[in-house]
Every structure is written in structure tokens, then in C-alpha cells.
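Please read this briefing alongside the sequence and the coordinates. It takes up the salt bridges, the overall build and a few surface features in turn.

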Amino acid sequence: SRLFNVPVMIHEQNAFLGRANHAIATHAKLLALSWPQTKNLPNGVQTHVTGMPVRTAFFTKSRPCCANDKLVLTVLGGSQGAGILGNLVPDAIAMIENPLRSRMRVYQQARPEQINQLKKRYKALKVNASIQPFFTNMPSLLAKSDLVISRSGASSIAELAATGRASLMLPLPSALDDHQKANAIQMEEVGGGYCLDEATVSPAFLATRVMQLFEAPDQLRTMAKNATALASPAAANDIANLAERLINKTNAAHLGVIV
């Protein structure tokens, strides 16, 4: 790109600029950001907050939080799965007393080797649960959720924001530069969720937090509304427009036109 004078534009997904992007950012014309408080930015680089692109369906599938008697809890492990959630979540739910537990409907993503055991566990707890290694209808699933327990990759946070859903986030501790924690803190700071530490969270703590939220529907609704503060429905268009602007500016400069 430098040899042929082709303009470079970078988009950073996470709230902490990754190492590869950081290395080439100083050679870029523009750095597009997903989150307004992105850290690890080099000096002297032009930035523009575009948001994180997600599918339009996430913005159109939403429904009011806590709209019926059933309380829907969705548990997502991210692209790498999350083995810890296979034990942590059912152990926490086991500590929740009826009648609250009987009102719960659980959708949980789990690793293939955990599925049978999880089905048996929830059946013993008399909790209606759907356990899958992967959910293909994510916009619809989030739309019917009242609370989401999730990793905090950039796409996960953006989808929660687009749908407007309260969340309990467990950042992946092995993520490079702890970027998932930076993502989760963005959501926590706008009041859309809580960032939990995988190293210290216990079933008892998680059960208490879930009970507190399910017994306070007004708080859940407020958190869901707060989450939308990070939503960027025009992100894809903004990124495309910025790219076209750079192209037009470069072409004009080649022709000797002042822009």
C-alpha cells in the first residue's frame, strides 16, 4: 500500500487496540473504532468512532424485557466455548429457590462433551432448558432473553447493545491484552451489564446476582435500555463511507485537485 500510495484504513473491533493494528496504525490514514473509550491508541493517528457492525436482524428482533411470566436466561460461551459455564451456571441455578427457579427458561451454549450432562442436570432441577453447541438464530434468541450470561468479545457486546439486553459478562481471561475485559467495562460503564471475574466468581455469587436481577424487573429493563447506548446501527455504512472518502481524496490528489 505504501509503495503504490494506496490509502490504508483500519477498523478495530475491541476496546483495546490489538497489537497488529497498533503496529500498522501509524501508517494508516484513518483508524475506525468500535467503542468511544478505546485504549492503547498511538499518538498522531486520526480516529473515528463508527461502532461495530452487526446484522440488521439484531436491531429488528427486539421485544420488551420481562414481558411475560417466564424469565429467559441465555448463556453464551463465545466462539471458543466456555467450559466453566457448563458447571458454574447449573450450580448457581441449583441455589435458586422456587418459585423463582420454576419460572426460569434456560438456553445454553455448551461444548459437545458437556451437553448430555447439562441436560440431565437441568432435568433434575426441573428447569426447562435447551442446550446446544451453537445457536443459529442468535437475533431471535437474544430478542426473547431477559438476561444474558456471556463472554465479552466485540461481536457479543455489539449484539447485546443492538438488541438491548442486560448481561453478566465473564471476559475470557486468556484473551490477548485482556481486550475482552476492556469490552465488558464499556458495557458496565453505560449501565448495561456487570463485568465478572472468572477467577473469583462462585456459583453462590452468580446465583445471588441472577436472583437480584430477576426479582427486579424494572432494573433489568433499565439495564436493557442502557445497553443500547453502545448500539451503532449505521456502523457498516459509516465504515464504507469513510473508505470511499479516502479513495476519492486520494484520487483527487493524484489529479492535482484540492479537497
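**Briefing on the predicted model**

Arg-151 counts as buried, because its relative accessible area is 7%, and buried means under 20%. The model is a predicted one, and in it Arg-151 forms a salt bridge with Glu-198, with the closest N and O atoms 2.7 Å apart. Arg-151 lies in the loop between strand 7 (147-150) and helix 6 (154-163), and Glu-198 in the loop between strand 9 (193-195) and helix 8 (203-214), so the pair ties together parts that are 47 residues apart in sequence. Glu-198, for its part, counts as partly exposed at 22% relative accessibility.

**Other salt bridges**

- The structure holds five salt bridges, including the one between Arg-151 and Glu-198 and the two described below.
- The side chains of Arg-19 and Asp-177 meet in a salt bridge, with an N to O distance of 3.0 Å. Arg-19 belongs to helix 1 (residues 19-25), while Asp-177 sits in the loop between strand 8 (167-169) and helix 7 (179-189), so this pair ties together parts of the chain that are 158 residues apart in sequence.
- Arg-103 is in the loop between helix 3 (83-94) and strand 5 (104-109), and Asp-69 is in the loop between helix 2 (57-60) and strand 4 (71-76), so the pair ties together parts that are 34 residues apart in sequence.
- Within this pair, Arg-103 counts as partly exposed at 27% relative accessibility, whereas Asp-69 is exposed, with a relative accessible area of 54%.

**Overall build**

- The protein contains ten helices and nine strands, and its C-alpha atoms fill a box of roughly 75 × 35 × 30 Å when taken along the principal axes.
- Of its 259 residues, 46% count as buried.

**Surface and charge**

- The accessible surface of the protein comes to about 13,000 Å², and carbon and sulfur atoms hold 52% of that area.
- There are 26 positive and 17 negative side chains in the protein, and the centres of these two sets lie 6 Å apart.
- Leu-3, Phe-4 and Val-6 make a nonpolar surface patch of about 410 Å². One of these residues, Leu-3, is found in the segment before strand 1 (9-12), and Leu-3 counts as exposed because its relative accessibility is 83%, with the cut-off for that class set at over 50%.

**A residue of helix 3**

- Asn-87 is found in helix 3 and is exposed, with a relative accessible area of 52%.
- Asn-87 and Val-106 are separated by 19 residues in sequence, and their C-alpha atoms are 14 Å apart in space.

Technical notes
Residues numbered from 1 in each chain as written. Predicted model: local features only at pLDDT ≥ 70, side-chain atom pairs only at ≥ 80, totals over all residues. Heavy atoms only, no water. Patch = residues over 30% accessible without salt bridge, like charges linked within 9 Å, V, L, I, M, F, W, Y side chains within 5 Å. Areas by Shrake-Rupley, 256 points an atom, 1.4 Å probe, with all protein chains shown as cover. Salt bridge = Lys/Arg side-chain N within 4 Å of Asp/Glu carboxyl O. Helix = DSSP H or I, 4+ residues; strand = E, 2+ residues; numbered from the N terminus. Buried < 20%, exposed > 50% of the residue type's maximum accessible area, 1.4 Å probe, protein only. Lys, Arg positive; Asp, Glu negative; His and termini not counted. Charge placed at Lys NZ, Arg CZ, Asp CG, Glu CD.
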